[in-house]
Amino acid sequence: MSDKVLRIATRQSPLALWQAHYVRDCLLARHPTLRVELVPMVTRGDVLLDAPLAKVGGKGLFVKELEQAMLEGRADIAVHSMKDVPVEFPQGLGLATICEREDPRDAFVSHHYASLNDLPPGSIVGTSSLRRQCQLLCARPDLQIHTLRGNLGTRLGKLDAGDYDAIILAVAGLKRLKMEDRIRQTLAPEVLLPAVGQGAVGIECRLDDAWTRALLAPLNHPQTALRVRAERAMNTRLEGGCQVPIGSYAELADGELWLRGLVGAPDGSKIISAERRGRPEDAEALGISLAQELLNNGARAILADVYNGNAPA
């Protein structure tokens, strides 16, 4: 094994590099003689920062270049935040491993206000997520939601500069970059249902690469993988391939899988939600069934509207 090098394709943002180093360290802990190299790359999602993701191609913009590097043999694996991974993969590629999940909730970050409820009417809240936007506006239609793109440091810098009264970020990212002190309020799933796969790190590779898949197998966290599989099954059935106002969150408790999901109009005027409880081994079936209920109850019309280009600019 020592004469082979495992190459990790990664974006160059601090959070992406944290994820790549985390996977590297986990691999070396289990395979001490393995040689690992990082292949930093810039994706279109890192470059196109002036428009909402929903307008420029969705979160898939963060993975395409990494996938191309694997298909061309310039990298062996790519490390992703699971909430950025599209429902479909290029032919020959797929998820090999899902690592243990960090806190999947969203964080309220503000200098002047301690909680979402403390924001006065007309406050400006920054987020690039239609999922967050629709839930925020449903709960607080008096708020102004302004687009906020860029890596974690960039977003916090814009808050610090006074461009926003508050911003919404993932708790997991703040924890991983040792910025927990910026969190004023951790938002429960009942307040802001997380994104599909939020807080989980996934590893993609060539499906025919048996050597790499064997190396990655010990990093898989079965409970996280099961929960994310249920969430992604729901998202797949909803055809949530771009950045869309979809939330999904699965929990395991007392031997049961509890899956919640929602689809919301971007302006917050309507939220369709539902939930399922069942056997963990039925994770994908639960996700599909939940998605079908959402579609039947009005989500189909909401999603069609978003896909037809009626998401906010």
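Cys138 is partly exposed, with a relative accessible area of 41%; on this scale buried means under 20%, exposed over 50% and partly exposed in between, for a 1.4 Å probe and protein chains only. The model is predicted, so local features need pLDDT of at least 70 and side-chain atom pairs count only at pLDDT 80 or more, while totals for chains, interfaces and linings use all residues. Residues are numbered from 1 along each chain as its sequence is written, and side-chain values use heavy atoms, with hydrogens and water left out.

A disulfide is a covalent bond between the sulfur atoms of two cysteines. Here a disulfide is counted when a pair of cysteine sulfur atoms lies within 2.5 Å, and a search of the whole structure finds 0 of them. Cys138 is accordingly in no disulfide, the nearest cysteine sulfur being that of Cys134 at 7.8 Å. What is the distance from the sulfur of Cys205 to the closest cysteine sulfur? That sulfur belongs to Cys99 and is 12 Å away, too far for a bond. Cys205 is buried, with a relative accessible area of 0%.

Strand 8 comes next. Helices (H or I, at least four residues) and strands (E, at least two) are DSSP runs, numbered from the N terminus.

Two strands pair if DSSP finds at least two bridges between them. Strand 5 (residues 106-109) runs antiparallel to strand 8 and is joined to it by 4 bridges, with Phe108 opposite Ile168. Strand 6 (residues 124-126) pairs with strand 8 in the parallel sense, over 2 bridges. Gly126 has Ile167 of strand 8 as its bridge partner.

Asn151 lies in the loop between strand 7 (144-146) and helix 6 and is partly exposed at 33% relative accessible area. Its C-alpha is 9.5 Å from that of Ala16, although the two residues are 135 apart in sequence. Leu152 belongs to helix 6 (residues 152-160) and is buried, with a relative accessible area of 13%. The C-alpha atoms of Leu152 and Val109 are 12 Å apart, with 43 residues of separation along the chain.

The second largest pocket has a volume of about 280 Å³. On a 1 Å grid over the protein atoms alone, a pocket is an open set of points where a 1.4 Å probe fits, with protein on both sides within 12 Å along at least five of seven lines, and lining residues have an atom within 4 Å of a point. Grid points are joined across faces, edges and corners, and the volume is the space filled by probe spheres set on the points. The lining has 14 residues, of which Leu95, Ile98, Arg229, Arg232 and Glu284 lie nearest the centre. Strand 4 (93-98) and helix 9 (222-237) are the elements that give two or more residues to it, and helix 9 gives the most, with 6.

Of its 23 residues, Met234, Leu238, Ile246, Leu257, Val263, Leu294 and Leu303 touch the most other members. Helix 10 provides the largest share, 10 residues.

Strand 11 and strand 12 run antiparallel and are joined by 8 bridges; Glu251 has Trp258 of strand 12 as its bridge partner. Their hairpin has 2 residues between the strands, and in it Asp254 takes a positive phi near 55°.

Most residues other than glycine have a negative phi. Glu239, in the loop between helix 9 and strand 11, has a positive phi near 60° and is exposed at 58% relative accessible area. Lys178 has a positive phi of about 60° and is found in the loop between helix 7 (171-176) and strand 9 (185-187). At 73% relative accessibility, Lys178 counts as exposed.

Definitions and conventions. Core = buried A, V, L, I, M, F, W, Y, C linked by side-chain atoms within 4.5 Å.
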